[in-house]
Amino acid sequence: MREEQNLLPVNRKYKDTFFRMLFREKKELMQLYNAVNGSSYTNVDELQIVTLENAVYMNMKNDLAFVVDFHLNLYEHQSTENPNMPLRNLLYVTRQYQAMVREESLYSRKQIKLPTPHFVVFYNGSQRQPEQWEQRLSDAYYSREKEPELELKVTVLNINQGNNEKLKEQCETLKQYMQYVERIRKYAGTREMSLGEAVERSISECIKEGILADFLARNRAEAMSVCFLEYDEEKEIEKYKRAEREYIREEVTKEVRAEVTKELRGKITEEVEKELLNRMMEANVSLSQMAQYTGRTEDEIKALLSGI
């Protein structure tokens, strides 16, 4: 298998993420693999990195791709929850397989063997999420089937503080990575310093305290640049999501108000009224507002809602 084979037009102007910088060496990557799989490989020569270096397709790039013992592992880091990771991984793994079988004939009577794929996302966003969950490609299908003919499963591991602590204990680099990230968030979350100052102070303190000390000392300037861009992008995404949630809430509220007019109140059945009350509740409409729109008392509304 070749380490890089570009089969489609790509954009090479892409900045590495801090996570990818940390695990681009075989030693750290093997340690992470062992922690995720409960294995104990020690010979880094058994790990073959097959990440399509500097290759970006459709403005996307996978973080880490490597093969161990005929298993193809695609690892991604995400600082925001992304339900499209199965689809993205489908595109990634297709390109990986294309590169691996480039010299093979797909028309041969001999079956072409492929390494078994595994997909893992390491999540450390600020939005609260479970410790671990699974995403499936079939969740995106318009028509749901019991056994879809094309499926891809992604395991998402929450690596924020208080989650998957055993995993982080087994991978010191991952543990120290999150200590570093949490330090930046701590300082950037105050109004006392700018983002640049927060990153600079975090790097200095981590080097002094032995947290990713060697890595940060060697790559200080690049780490500063990458972390500044990543954190700033994360804040912009969160602002966009908040704006979207507020817009949806307002639109639902307007829709509910329009439906519950004074002329219709006498004609609304109890089932319909329960549904409207439920939609009001989901839109964070207060009890007093519900009472105003429906003509019912707050106690009556509470009783109706308790039966939903």
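In which helix does Arg183 lie? Arg183 belongs to helix 5, where helices (H or I, at least four residues) and strands (E, at least two) are DSSP runs numbered from the N terminus. The structure is a predicted model, in which local features need pLDDT of at least 70, side-chain atom pairs count only at pLDDT 80 or more, and totals for chains, interfaces and linings use all residues. Residues are numbered from 1 along each chain as its sequence is written, and side-chain values use heavy atoms, with hydrogens and water left out.

The secondary structure of the protein consists of eleven helices and six strands. Of its 308 residues, 41% count as buried; buried means under 20% relative accessible area, exposed means over 50%, and partly exposed lies in between (1.4 Å probe, protein chains only). The accessible surface comes to about 18500 Å², and carbon and sulfur atoms account for 48% of this area. Accessible areas come from the Shrake-Rupley method with a 1.4 Å probe, and for residues only the protein chains shown count as cover. Among contacts (heavy atoms within 4.5 Å) between residues at least 6 apart in sequence, 62% join residues at least 24 apart.

Arg183 is buried, with a relative accessible area of 15%. Apart from neighbours within four places in sequence, Arg183 is in contact with Ser202, Glu205, Glu209 and Ile211. Helix 6 spans residues 195-209. This helix of 15 residues reaches 21 Å from its first C-alpha to its last, close to the 21 Å expected at 1.5 Å a residue; the expected span is 1.5 Å times one less than the number of residues. The buried residues of helix 6 are Leu195, Ala198, Val199, Ser202, Ile203, Glu205 and Cys206. An α-helix has 3.6 residues a turn, so residues three or four places apart point the same way.

Just after helix 6, Gly210 takes a positive phi of about 80°. Leu212, in the loop between helix 6 and helix 7, also has a positive phi, of about 50°, although it is not a glycine. Most residues other than glycine have a negative phi, and most peptide bonds are trans. Leu212 is buried, at a relative accessible area of 8%. A positive phi, near 65°, is likewise found at Phe70, a residue other than glycine. Phe70 is placed in the loop between strand 2 (64-68) and strand 3 (71-78), and counts as exposed at 66% relative accessibility.

Grid points are joined across faces, edges and corners, and a volume is the space filled by probe spheres set on the points.

The second largest pocket has a volume of about 270 Å³. Its lining comprises 15 residues, of which Leu22, Glu28, Thr173, Phe215 and Arg218 are the closest to its centre. Helix 1 (18-22), helix 5 (172-188) and helix 7 (213-218) are the elements that give two or more residues to this lining. Helix 7 supplies the largest share, four residues. By class, the pocket lining has five nonpolar, four polar and six charged residues. Here Ala, Val, Leu, Ile, Met, Phe, Trp, Tyr, Cys and Pro count as nonpolar, Asp, Glu, Lys and Arg as charged, and the others, Gly among them, as polar.

The count of cavities of 30 Å³ or more is two. The second largest cavity has a volume of about 30 Å³ and is lined by Gln78, Thr80, Glu81, Asn82, Met85, Val121, Tyr123, Trp133, Gln135 and Val156. Strand 4 (116-123) and strand 5 (132-136) each supply at least two residues of this lining. The cavity lining divides into five nonpolar, four polar and one charged residue.

Gln135, one of these lining residues, is located in strand 5 and is buried, with a relative accessible area of 8%. Not counting residues up to four places away in sequence, Gln135 touches Glu81, Asn82, Pro83, Met85, Pro86, Leu152, Lys153, Val154 and Val156. The C-alpha atoms of Gln135 and Val121, 14 residues apart along the chain, are separated by 9.9 Å.

Key. On a 1 Å grid over the protein atoms alone, a cavity is a set of points where a 1.4 Å probe fits but cannot get out, and a pocket is an open set with protein on both sides within 12 Å along at least five of seven lines; lining residues have an atom within 4 Å of a point.
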